[in-house]
Each structure stands twice: as structure tokens, then as C-alpha cells.
Amino acid sequence: MQSAILDTQTKKRQKLTHLIDSAIAAVSQLKSDENLLFIEQVAALLAHTFQSGNKVLIAGNGGSLCDASHFAEELTGIFYQKRRALPAIVLSEPGHLTCTANDLGYEWVFHRGVEAYGKKNDLFIGLSTSGNSLSIIRAFEKAKELEMKTVAFLGKDGGKIRGMADLEMIIFGFPKSDRDQEAHMSAMHMIIELMEDLLFGEKNNAPLF
């Protein structure tokens, strides 16, 4: 009996260790030359967008919508520095989403949000771990039509969205979305910190708490 309990505990610990290793492997992809350049370029694009008086629109589905919301609140709220709020909107208002989905179809929910709020030289950021979310594809199409700048956070092989955005990052090799989303969030935090340095300087760049 004791042996069976120990065997079960060992298997659980092995699974947990494997999960931790996979999470590390996903985030480690950020160290590739391609992804380092992506992080630097998106930080610079964010800084330029805000310096130019433009705003950021962000969208995703499910867990990616939660990540999009997190990204937006780090910009409108406080991240590392005490600085002014930066204009970022996550396309998540329930009335809009349900009205559009009910009347036109879910694939149009973010397209309509971009149409409502976007203008030339604003920035649209779309998150899709499959790369095939039709609602995000439609949003990128509208953003391009409005001559907005675009950034994509993707997983798997990038799917149909691969190549649609001005800048894109793809986290390869994971069958489900969790590892992709964890790497995306790590990249977003790094992007925001670099962006704050560009906009406000590094002298106050220390955690508030």
C-alpha cells in the first residue's frame, strides 16, 4: 500500500516537473534572435504610437482575451514606472460582443471594434494561439484597410494569420494554448518595460512594491 502511494506521488512529481520544463522551454523561445528583435521592435512601435498621439487596440479569444486585457491594463494603469496613463483599449465590452455576434456572426466582433475605434497609424494587436481565429483574421483585415500598424502574437505554426501583421511572434511546438499564452505574457511584460524606458527614461524604472 505504502509502495503504491509512493509510486503515485512519484508519477505526479514527474508530471509536474515535465510541465515546468515545458513552460521553461516555451519562454526560452523568447531568446531567439527573431523573437528578441520582435520584442525590441514592438516596444519601439508602442513608444512611437503613443508619442504620435495614437492609441492601441488589442483583441483575443478566451485566454488570449484575458492576456489582451492584461496588456491593456498595464498601459492604462501602472507597470514599473509612475507615469501618465497610455491609451489602450481591449475589445471586450460585453454589449458590443454579444450584439455583433448575435446580429452578424461572431467572426465580426473584433472587426467592428476596430472599425469603431481605429484610425490611421493607430496600432492593432491580435492574439491567437492557433493563428486561425476568424474573428482575429477579420480584425487584421479591417486594421489594414484603415492603415493601422499591426502586431500578432501567435502559436502552433502561425496558422492563417502568419504573414498578415507588420510584426509577428510565433511560439512553436506546443499542442495546446497554455504554453503559448505564458510565453506571450512574458513577452508583453518585457515589451512594456522597454517601451517605458523609451518614453520616460530608465531613472525611475524600479518596482513600486
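Tutor: Let's start with the contacts of Asn35: beyond its neighbours within four places in sequence, Asn35 touches Gln29, Leu30, Met169 and Ile170. Keep in mind that this is a predicted model. Asn35 belongs to helix 2, residues 33-51, and it counts as buried because its relative accessibility is 4%, against a cut-off of under 20%.

Five strands make up an open sheet in the order 2-1-3-4-5, with parallel pairing. Strand 2 (88-90) and strand 5 (167-171) are the edge strands, so to speak, each pairing on one side only. From one strand to the next, the twist averages 15°. Inside the sheet, strand 1 and strand 3 pair in the parallel sense over four bridges, and Ala59 stands opposite Gly126 in strand 3.

Next, the helices that lie across those strands. Helix 7 (residues 177-200) lies across strand 3, strand 4 and strand 5, and runs at about 145° to strand 4. Helix 5 lies across strand 1, strand 2 and strand 3, at about 170° to strand 1. In helix 5 (residues 109-117), the buried residues are Val109, Phe110, His111, Gly113 and Val114. They pack against strand 1 (56-59), helix 4 (94-103), strand 3 (123-128) and helix 6 (134-145).

On to the rings. With centres within 6.5 Å as the rule for pairing, the count comes to five aromatic pairs. One of them is Phe71 with Phe153: the centres are 6.4 Å apart and the planes stand at 90°, so this pair is edge-to-face. It ties together distant parts of the chain, with Phe71 in helix 3 (residues 63-76) and Phe153 in strand 4 (residues 149-155), 82 residues apart. Phe71 has a relative accessibility of 1%, so it counts as buried, and Phe153, at 0%, counts as buried too. Phe79 and Tyr80 make a stacked pair, 4.8 Å centre to centre with 20° between the planes. Here Phe79 counts as buried because its relative accessibility is 14%, while Tyr80, at 28%, counts as partly exposed.

Phe71 and Phe153 also turn up in an aromatic cluster, which they form with Phe38. Last, a charge over a ring: the charged end of Arg138 sits over the ring of Trp108, 5.1 Å from its centre.

Notes. Residues are numbered from 1 along each chain as its sequence is written. This is a predicted model: local features need pLDDT of at least 70, side-chain atom pairs count only at pLDDT 80 or more; totals for chains, interfaces and linings use all residues. Side-chain values use heavy atoms; hydrogens and water are left out. Helices (H or I, at least four residues) and strands (E, at least two) are DSSP runs, numbered from the N terminus. Buried means under 20% relative accessible area, exposed over 50%, partly exposed in between (1.4 Å probe, protein chains only). Contact means heavy atoms within 4.5 Å. Rings of Phe, Tyr and Trp (its six-membered ring) pair if their centres lie within 6.5 Å; planes under 30 degrees apart count as stacked, over 60 as edge-to-face and the rest as tilted. A charge sits over a ring if NZ of Lys or CZ of Arg is within 6 Å of the ring centre and within 35 degrees of the ring normal. Two strands pair if DSSP finds at least two bridges between them. Axes are lines fitted to C-alpha atoms, for helices over the stretch in contact, and angles run from 0 to 180 degrees between N-to-C directions.
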